[in-house]
Amino acid sequence: MDFSVIIVGAGPAGMGCALALQRAGVANLLVLEAETVGASFRRWPEQMRMITPSFHGNPFFQTDLNAITPDTSPAEFSQKEHLSGREYADYLQAVAFHFKLNLRENERVLQISPESKGYSVTTDKAGYRAEIVIWAGGEFSHPKTGAFQGAEHCAHSSVFRTWNDYQGDDALIIGGYESGIDAACHLVQLGKRALVLSSGEPWIADHADPSEVLSPFTRERLLHTMQNYSGQLNLRGNATVVSVDHLSGRYIVKTAEGEVFDSKHRPIAATGFQSALTPIKDLFAWEGSTPQFTDEDESTLHPGLYYTGPSLIHQGSKFCFIYKFRARFGVIARSVARRLDYPEPDLENDRNRGFLVDDLECCTNCECAVESKPEPVEAKA
Ligand SMILES: Cc1cc2nc3c(=O)[nH]c(=O)nc-3n(C[C@H](O)[C@H](O)[C@H](O)COP(=O)(O)OP(=O)(O)OC[C@H]3O[C@@H](n4cnc5c(N)ncnc54)[C@H](O)[C@@H]3O)c2cc1C
């Protein structure tokens, strides 16, 4: 074997998992990255900020929510609470350098093939064999583009590098969750008008799991935008887009509820992303659109093939934030160490810092003891 473990992707998931393996004493690791460390974050629109706040609470056992190791802090690194994509990628790069990760950038994995023992990994530069493979390829390269008929007439929200590039005074945005509201607030603050069409009404929804509702950061800036840019932002809930047509130079948007909207400019599809497992979907079992994992985040079809990142789902709950999926780094590290016949690793510090959560009850119990009282956001300006 060339390597004990190959990790695909140097975003927060791949790097964080690699560093947990290092803490577990696992040697002979390689991280392969198609572009550069934190590449997805470098592609965020320049105005976008992390919605999860950063704060250096580490010495008091409250590790910064966006940290990928128990002893680093993006807040301390950047002196910011809500980092931009570029600042977060800089943090990841500093972490890779500090911990001397064995990392190869600009090397894209093209294929992973199970063998009688381990896996062969083919890249655009070489071929390797590894006993264990951890997929951490991220969702950002897989925008959901087929959400409705005529979606090809829209521009996906992930293609914008800055909202200054948006041509036109009016924007029609399809999708009212984080990306849609983020786009709307920035465009309005640039002096444009925005109409957001959303199948539900995420701006008034209340749910104990932060993955299911707008973050407090987004609610706060939405409220600020509604109050300070009167008439420029229109939120239309219960408007499920079923088709977009491009006729006589205009974009005609129809909803399941029978409404028709038209726009001079290409609508923005803030419709989210496909599973990060898309490129290796055949190596995992699926129940409908839900990938299946063992209790140690391995493929149920191929032992020794793990996944780490935001597409992890257990008991119907999504581990879509960094603070959620990092809770499994220690679980994967311990499982890999056992598979490779290492002595049982001491990951007690990981457990105490929230990097080894093996009780999956955490997925099903997000209830807060105190009922929330969100400030109402009026649907229409
Ligand atoms: C717009 C947006 C905003 C978000 N905001 C937050 C937030 O505020 N807080 C939060 O906790 N989460 C946030 N998330 C979720 C967050 O992006 C993800 O949690 C995080 O990026 C996932 O990390 P990852 O390492 O799985 O993926 P990525 O960061 O996408 O990293 C994957 C890496 O794998 C590389 N790669 C892909 N394919 C290959 C291949 N074949 N070979 C080699 N390398 C490959 C990519 O180049 C990339 O560098 C946000 C997501 C989006 C899309």
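## A parallel strand pair

Strand 9, spanning residues 193-197, runs parallel to strand 10, residues 233-236, and the two are joined over 4 bridges. To find your place in this pairing, look for A194, which sits opposite L233 of strand 10. Please keep in mind as you browse that the model is predicted.

## Two domains

Stepping back to the whole protein, the domain assignment gives two parts. Domain 1 is written in two segments, 3-141 and 274-363, while domain 2 covers 151-269.

## Where the domains meet

On the domain 1 side, 16 residues are in contact with domain 2, which contributes 18 residues of its own. The size of an interface is often expressed as the accessible area lost when the parts come together. For domain 1 and domain 2 that buried area is about 1300 Å², with 54% of it on carbon and sulfur atoms. Within domain 1, the residues that lose the most area to domain 2 are P45, Q47 and I51, and together they account for 39% of what that side buries.

What about polar links and charges? Between domain 1 and domain 2 there are 6 residue pairs in polar contact, counting pairs with both residues at pLDDT 80 or more. The salt-bridge count between the two domains is 0.

How values were computed
Residues numbered from 1 in each chain as written. Predicted model: local features only at pLDDT ≥ 70, side-chain atom pairs only at ≥ 80, totals over all residues. Heavy atoms only, no water. Pairing = 2+ DSSP bridges. Domains from an automatic or database assignment. Contact = heavy atoms within 4.5 Å. Buried area = accessible area lost by both parts, 1.4 Å probe. Salt bridge = Lys/Arg side-chain N within 4 Å of Asp/Glu carboxyl O. Polar contact = N/O pair within 3.5 Å; in protein donor to acceptor, adjacent residues only side chain to side chain.
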